[in-house]
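Student: I am new to this structure. Please pick one part, look at it closely, and then show me how to read a few other places with the same terms.

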Amino acid sequence: QVQLVESGVGLVQAGGSLRLSCAASGRTFSRDAMGWFRQAPGKEREFVAVINWNGDRTYYADSVKGRLTISRDNARNTVYLQMNSLKPEDTAVYYCATDLRGPFIRARVSSSSSWSYWGQGTQVTVSS
């Protein structure tokens with residue numbers, strides 16, 4: 001079994017920065033991709049960013065490109081989301097995910113149904 005524990009919840013002003021972390025435990029594999037999704041009130045869960053198993057390939061949603069950065073530390077089984085220049089539109093519950101099934105292509109990684117395990121979700125609120 002795989003468990004994902006997130007941290008880094010907070011309230012931040014527009015233009016500020018925040019870093020989210022997600023630590024994996026249990027049955028994990030070095031070649032597993034890890035990703036971040038988010039869900040705003042009344043909206044569907046939305047793809048944010050993903051990183052492949054060795055950290056040399058990433059995809060980002062257009063809405064966060066250039067502002068958010070995903071990274072991972074395999075020695076700590078942890079994935080990070082560094083969020084800079086935050087906007088009120090970034091307000092959402094953020095979820096990390098792992099165990100991608102299939103090829104590492106945008107169409108696959110951007111679908112929530114492609115992932116097997118999810119973190120508990122953390123609230124990020126960006127005020128204007």
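Tutor: Start at R38, which is found in strand β4, residues 34–39. Helices (DSSP runs of H or I, at least four residues) and strands (runs of E, at least two) are numbered from the N terminus. This is a predicted model, in which local features need pLDDT of at least 70 and side-chain atom pairs count only at pLDDT 80 or more, while totals for chains, interfaces and linings use all residues. Residues are numbered from 1 along each chain as its sequence is written, and side-chain values use heavy atoms, with hydrogens and water left out.

Is R38 buried or exposed? R38 counts as buried because its relative accessible area is 5%. The cut-offs are these: buried is under 20% relative accessible area, exposed is over 50%, and partly exposed is in between, with a 1.4 Å probe and protein chains only.

Now see what R38 touches. Contact means heavy atoms within 4.5 Å. Leaving out residues up to four places away in sequence, R38 touches E44, R45, E46, V48, S63, V64, E89, D90, A92, V93 and Y94. Two of these partners also meet R38 side chain to side chain. With D90, the polar contact is 3.0 Å. With S63, the polar contact is 3.4 Å. A polar contact is a pair of N or O atoms within 3.5 Å; within protein, one must be able to donate a hydrogen and the other to accept it, and residues adjacent in sequence count only if both atoms are side-chain atoms.

One of the residues touched by R38 is E44. E44 sits in the loop between β4 and β5 (46–51). E44 is exposed, because its relative accessible area is 69%. With residues up to four places away in sequence not counted, E44 touches R38 and Q39.

R38 also belongs to a pocket. Which residues lie nearest the centre of the second largest pocket? They are R38, A40, K43, E46 and E89, out of 13 residues in the lining. That lining divides into 8 charged, 3 polar and 2 nonpolar residues. Here Asp, Glu, Lys and Arg count as charged; Ala, Val, Leu, Ile, Met, Phe, Trp, Tyr, Cys and Pro count as nonpolar; the others, Gly among them, are polar. The second largest pocket has a volume of about 190 Å³. On a 1 Å grid over the protein atoms alone, a pocket is an open set of points where a 1.4 Å probe fits, with protein on both sides within 12 Å along at least five of seven lines; lining residues have an atom within 4 Å of a point. Grid points are joined across faces, edges and corners, and the volume is the space filled by probe spheres set on the points.

Next, a covalent link. The structure holds 1 disulfide, a pair of cysteine sulfur atoms within 2.5 Å. C22 and C96 form it, with their sulfur atoms 2.0 Å apart. The pair links distant parts of the chain: C22 is in strand β3 (residues 18–26), C96 is in strand β9 (residues 92–100), and 74 residues separate them. The link is right-handed, with 55° about the S-S bond. Both C22 and C96 are buried.

Now the loops. Q120 is in the loop between β10 and β11 (122–127). Q120 is partly exposed, because its relative accessible area is 46%. Beyond residues up to four places away in sequence, Q120 touches L4, V5, E6 and Y95. A polar atom of the Q120 side chain lies 3.1 Å from the backbone oxygen of E6.

S114 lies in the loop between α1 (106–109) and β10 (115–118). S114 counts as buried because its relative accessibility is 10%. Apart from residues up to four places away in sequence, S114 touches D99, L100, R101 and R108. The C-alpha atoms of S114 and D99 are separated by 8.3 Å, and the two residues are 15 apart along the chain.

Finish with backbone angles. N77 is not a glycine, yet its phi is positive, about 50°. N77 is in the loop between β7 (68–73) and β8 (78–83). S85 also has a positive phi of about 50° without being a glycine. S85 lies in the loop between β8 and β9. N77 counts as partly exposed, because its relative accessibility is 35%. S85 is partly exposed with a relative accessible area of 42%.
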